[in-house]
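Read the following with the sequence and the model side by side. The text goes from strands to a helix and then to charged side chains.

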Amino acid sequence: MFFGIFAFVTLNFVEDAKRHIAHFDLDSFFVSVEILNQPSLKGKPVLVGGYERGVVAACSYEARKFGIHSAMPMKKAMQLCPHAIITSASRDQYSKYSRWVTDIIASKVPLFEKASIDEFYIDLSGMDKFFGVSKYAQELRQHIISETGLPISGGLSSARFISKMATNEAKPNGFLEIPHGKEKDFLWPLPVEKINGVGKETEIKLKSLGLYKIEDLARSTPEFLEKHLGKWGESLWRKSQGLGSTEVITDWQQKSMSHENTFDKDYNDVEFLHKELVRLTEKTCYGLREDEKLTGCIAIKIRYKDFETTTRQEVIDYTALDDELIAKAKDIFNKSYQVGRPVRLLGVRFSHFIPFTMQMSLFDNKVEKLQLYKAVDDIKDRFGSKIVTKAVNSGSKEESFNFTQHNKKKLPDDKRKKL
């Protein structure tokens, strides 16, 4: 029944009808992948991330019992649980499993949004005319589990934020539906810090005002909350009433960004072509980080002197780091280029985007790399893109940033230190 003929439902006729928004979140995603590849890790305190100066990208529920959480310095985590097992052996599998789940969801629902590598919003509005929405969502969740072996929790409600909160309450590996009209019954008993976006500072501020539960927010007024919290206060009040967005952004998978260059003359000098490839990739990476995206696919376009054009693309682990994307761009170029043939155009294209998530930068030195690239981006924004160039040795994997001598603008001391 569930996996028979599937009809994609247009939503025009349900604009005024009830909305049904599901939220799916892969539980401890990195840890779950590690356990699939190393079953002996099951039931043990597992930490995924970098060693020494690294941080915890994900941790098993067994590790959380010791007070460990994601983004915690690995050194501190090991102090809390000295017998924890640190691993990231299956790092190359994370993108693979994420795409697997994405493909399953894409084949079974009319509209969905990939919010991060392990999180999805699904708009099932209107499907109650053909299926039972709750049953459909739960069967989809079970199908993902049976196909991939990954645990996944889910929530279903009338709004995005409520579904996400329901998912959090359903963890680990559970499902919770909040029926229409029961939003307040679910929300009001919960503490204020359960609302998405309420951090420690906001929590302390709210409790200093005597607001401990979501019901306290609801019985307050928008004016009172706005006075103490600004516009965020009004938003909190609306959420306490069970009012939230139902928008599911579906264009993440269609977008791409690219840069290409048609040369003033044809070149067959591989060293020159590599340098141009670096420049184009770096330029595209800048746009990627500016949009706060990660790319999961890179394509290299080569047009020869006689206008014959070849384009080769490869799926990659999600990233926004120059060095990883430059290395892959060179690899694809080297596999595609017909040595000796003059080239008139070279291009780089990124696609298969997902929103940026710190999870993807928490391994080893990736945090420092990301900070470096962002510092360089900031300098380009302030002083122009030509002030920073890459020093590239085509025979080496190493690269560094150089300031061009022709630009005499003085840089702030803090930016110099970062570089």
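Strand β2 (residues 46-49) pairs with β3 in the antiparallel sense over three bridges; strands are DSSP runs of E with at least two residues, helices are runs of H or I with at least four, and both are numbered from the N terminus. Two strands count as paired if DSSP finds at least two bridges between them. Val48 stands opposite Ala58 in β3. The open sheet has three strands in the order β3-β2-β4, with mixed pairing. Its edge strands, β3 (56-59) and β4 (85-87), each pair on one side only.

This is a predicted model, in which local features need pLDDT of at least 70 and side-chain atom pairs pLDDT 80 or more, while totals for chains, interfaces and linings use all residues. Residues are numbered from 1 along each chain as its sequence is written, and side-chain values use heavy atoms, leaving out hydrogens and water.

Helix α12 covers residues 270-290. Its 21 residues should span 30 Å at 1.5 Å a residue, and the end C-alpha atoms are 30 Å apart, which agrees; the expected span is 1.5 Å times one less than the number of residues.

Now the charged side chains. Lys335 forms a salt bridge with Asp331, the closest N and O atoms being 3.1 Å apart; the term means a side-chain nitrogen of Lys or Arg within 4 Å of a carboxyl oxygen of Asp or Glu. Lys335 and Asp331 are four residues apart in helix α13, so about one helical turn separates them. Lys335 also meets Glu314 in a salt bridge (2.6 Å, N to O). This pair links distant parts of the chain, helix α13 (residues 322-336) and strand β11 (residues 309-319).
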